[in-house]
Amino acid sequence: MGLGILWSIIIGILAGAIAGWLMKGRGFGLIVNLIVGLVGSLLGGWIYGLFGFHTDSILGVLLMSVIGAVVLIWIVSLFKRV
């Protein structure tokens with residue numbers, strides 16, 4: 001159980017950093033990367049579910065988290081423009 005939480009944190013940090021790099025050319029910092037990655041993981045899991053996808057591999061979860069984090073950053077950027 002504890003290792004699962006540790007993996008979630010590591011994947012969240014990586015996903016947030018990758019999404020930040022993809023969307024704005026750099027990351028947001030450790031804490032914000034973690035938050036963006038974890039929320040992105042939830043959003044990515046929901047998006048994957050809509051399309052009927054399922055993944056159990058670490059790389060699949062990382063990809064799902066990055067996709068969710070990119071979508072999250074894109075949605076936040078829409079609100080910042082208004």
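**Quick briefing**

The chain exposes about 5600 Å², and carbon and sulfur atoms supply 78% of that area (Shrake-Rupley method with a 1.4 Å probe; for residues, only the protein chains shown count as cover). Keep in mind that this is a predicted model: local features need pLDDT of at least 70, side-chain atom pairs count only at pLDDT 80 or more, and totals for chains, interfaces and linings use all residues. Residues are numbered from 1 along each chain as its sequence is written, and side-chain values use heavy atoms, with hydrogens and water left out.

**Overall layout**

- The chain has three helices and zero strands, where helices (H or I, at least four residues) and strands (E, at least two) are DSSP runs numbered from the N terminus.
- Going along the sequence, you get the pattern α-α-α.
- For 82 residues, a compact globule would have a radius of gyration near 12 Å, and the chain agrees, with 12 Å (taken over C-alpha atoms; the globule rule is 2.2 Å times the number of residues to the power 0.38).
- Along the principal axes, the C-alpha atoms fill a box of roughly 40 × 30 × 15 Å.
- Of the 82 residues, 30% count as buried; buried means under 20% relative accessible area, exposed means over 50%, and partly exposed is in between (1.4 Å probe, protein chains only).
- Take the contacts (heavy atoms within 4.5 Å) between residues at least 6 apart in sequence: 62% of them join residues at least 24 apart.

**The largest pocket**

- The largest pocket has a volume of about 190 Å³.
- Here's how that works: on a 1 Å grid over the protein atoms alone, a pocket is an open set of points where a 1.4 Å probe fits, with protein on both sides within 12 Å along at least five of seven lines, and lining residues have an atom within 4 Å of a point.
- Grid points are joined across faces, edges and corners, and the volume is the space filled by probe spheres set on the points.
- α1 (2–24), α2 (30–50) and α3 (58–81) each supply at least two lining residues, and α3 gives the most, with five.
- Among the lining residues are Met23, Phe28, Val36, Leu72 and Val76.
- Val76 sits in helix α3 and, at 42% relative accessibility, counts as partly exposed.
- From Val76 to Met64 is 12 residues in sequence and 18 Å in space, C-alpha to C-alpha.

- Val36 belongs to helix α2 and is buried, at 12% relative accessibility.
- Setting aside residues up to four places away in sequence, Val36 touches Gly16, Ala69, Leu72 and Ile73.
- Val36 and Gly16 are 20 residues apart in sequence, yet their C-alpha atoms are 5.1 Å apart.
- Gly44 is also in helix α2, and its 1% relative accessibility makes it buried.
- Beyond its neighbours within four places in sequence, Gly44 contacts Met64 and Gly68.
- Gly44 and Ile67 are 23 residues apart in sequence and 5.9 Å apart in space, C-alpha to C-alpha.

**Aromatic rings**

- The whole structure holds two aromatic pairs.
- In one, the rings of Tyr48 and Phe53 have centres 5.8 Å apart and planes at 65°, so the pair is edge-to-face.
- Rings of Phe, Tyr and Trp (its six-membered ring) pair if their centres lie within 6.5 Å; planes under 30 degrees apart are stacked, over 60 edge-to-face, and the rest tilted.
- Tyr48 is buried at 14% relative accessibility, whereas Phe53 is exposed at 54%.
- Ring pairs link Tyr48, Phe51 and Phe53 into a cluster.
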